[in-house]
Amino acid sequence: MTHPTLICGSLAFDKIMQYHGRFADTLLADQLHRVNVSFLVPTLRTEYGGCSANIAYNLKLLGGDPLIMATLGQDGADYLERLRNFGIKTRAIKTIGDAYTAQCFVTADQDNNQINAFHPGAMQFSHENNVADQGPLRVAIIAPDGRDGMIKHARDCAAQGVPFMFDPGQQLPMFSGEELLTFIEQATYLAANDYEFEMVMDRTGLTLEQIASRLDALIVTRGEKGSEIYAGGERHDIPPVAASAVVDPTGCGDAYRAGLLFGIAQGYDWNTTGRLASLLGSIKIAHQGGQNHSFTPQEIADKFESAFGYRFN
């Protein structure tokens, strides 16, 4: 019997609004110190989001066994039911009765400029969850979540001997150089995009080589240029996969990380694991939101063979 993959990270609702004009036509440069504006947004959609659910969604599509450990608010019942209906384990999701689920309010204009507001809500209580309560685990990921929760869950994984991937994402600015050094010492893997990794190096004072030497694998993604995996003293260059359409980058990094976790759980080599992750990112970007695409394990195996010339399973 295989053990599940623990997905520690946020659960959130994304409220996405479209303004049909341009912010620049309304915001006066010499009056920004006293802004009082209202944008008419004829279109509004709500997406299920959050890093933990996005990662778990893709991992489940691959045939993996994700276990989400996160916090929902008093308004999260529908989300919980959605996850259960999809077959994702939810026993480690804690409902915070006097808080709302984390929510991101996104207003985009016709030039795709964005004005965002983020309410962390129940995410701020993620430290109330315990890794030790979840039983045997194959691997874990510490994805963006409440700051205290990320620190605690990394410490708990290390104490329990659970190999884990540190994925600081948009929460990276919240950690000092000393805290990032602690994460690196505890983690088995580190995944970051190129901008985030530059910040990691700047704050820790470590070079790429020094960071990679402290991990089983360092993964750096570079958007349309592909990604790199540094493991065992070797560098693996992972090519990008051309997308059928470029619709929405939201959740592409989460899809990529699901591919990494699946490859690790299955014991694939890094070249195969990275290519699978790259393929998932290209599939996701062709769809709106982080959880509206779909595929079967057979379909993904066929797409992988078409893209890379061999099968991964």
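**Figure 1. Overall dimensions of the protein chain in a predicted model.** A compact globule of 313 residues would have a radius of gyration near 20 Å, and the protein chain agrees with this, having 20 Å. The radius of gyration is taken over C-alpha atoms, and the globule rule is 2.2 Å times the number of residues to the power 0.38. The C-alpha trace spans about 55 × 45 × 45 Å along its principal axes. The chain contains 9 helices and 13 strands; helices (H or I, at least four residues) and strands (E, at least two) are DSSP runs, numbered from the N terminus. Of the 313 residues, 53% are buried, where buried means under 20% relative accessible area, exposed means over 50%, and partly exposed lies in between (1.4 Å probe, protein chains only). Among contacts (heavy atoms within 4.5 Å) between residues at least 6 apart in sequence, 67% join residues at least 24 apart. Residues are numbered from 1 along each chain as its sequence is written, and side-chain values use heavy atoms, with hydrogens and water left out. Because the model is predicted, local features need pLDDT of at least 70 and side-chain atom pairs count only at pLDDT 80 or more, whereas totals for chains, interfaces and linings use all residues.

**Figure 2. The open sheet of 9 strands.** The strand order is β5-β4-β1-β8-β9-β10-β11-β12-β13, and the pairing is mixed. Two strands pair if DSSP finds at least two bridges between them. At the edges stand β5 (89-95) and β13 (234-238); each has a single partner strand, so one side of each is left without a neighbour in the sheet. From one strand to the next, the twist averages 15°. Axes are lines fitted to C-alpha atoms, for helices over the stretch in contact, and angles run from 0 to 180 degrees between N-to-C directions. Strands β1 (residues 5-8) and β4 (residues 66-72) run parallel and are joined by 4 bridges. Within this pair, leucine 6 stands opposite leucine 67 in β4. Helix α1 (residues 51-62) lies across β1, β4 and β8 (139-142), and runs at about 160° to β4.

**Figure 3. The open sheet of 4 strands.** Here the order is β3-β2-β6-β7, again with mixed pairing. Strands β3 (43-49) and β7 form the edges, each pairing on one side only. On average, neighbouring strands of this sheet are turned by 15° against each other, direction ignored. Helix α2 (residues 77-85) packs on the sheet and touches β2 (12-18) and β3; its direction makes about 55° with that of β3.

**Figure 4. The hairpin of β6 and β7.** Strands β6 (residues 102-108) and β7 (residues 114-119) run antiparallel and are joined by 6 bridges. Valine 106 has asparagine 116 as its bridge partner in β7, and cysteine 104 stands opposite phenylalanine 118. There are 5 residues between the two strands, and asparagine 112 in the turn has a positive phi of about 70°.

**Figure 5. The nonpolar cores.** A nonpolar core is a set of buried Ala, Val, Leu, Ile, Met, Phe, Trp, Tyr and Cys residues joined through side-chain atoms within 4.5 Å. The largest has 51 residues, and those with the most contacts inside it are Leu11, Ile68, Met165, Ile219 and Ile300. Helix α1 supplies the largest share of this core, 8 residues. Apart from it lies another core, of 35 residues, among them Leu6, Leu180, Phe183 and Ala192.

Figure 6. In helix α4 (residues 177-186), the residues Gly177, Leu180, Phe183 and Ile184 are buried. Seen down the helix axis, the buried residues of α4 fall within an arc of 115°, so they line one face of the helix; the arc is that of the directions from the helix axis to the C-beta atoms.

**Figure 7. Arginine 257 in helix α7.** Helix α7 comprises residues 252-266. Arginine 257 is buried, with a relative accessible area of 6%. Not counting residues up to four places away in sequence, arginine 257 touches Ile141, Asp167, Ala191, Ala192 and Asn193.
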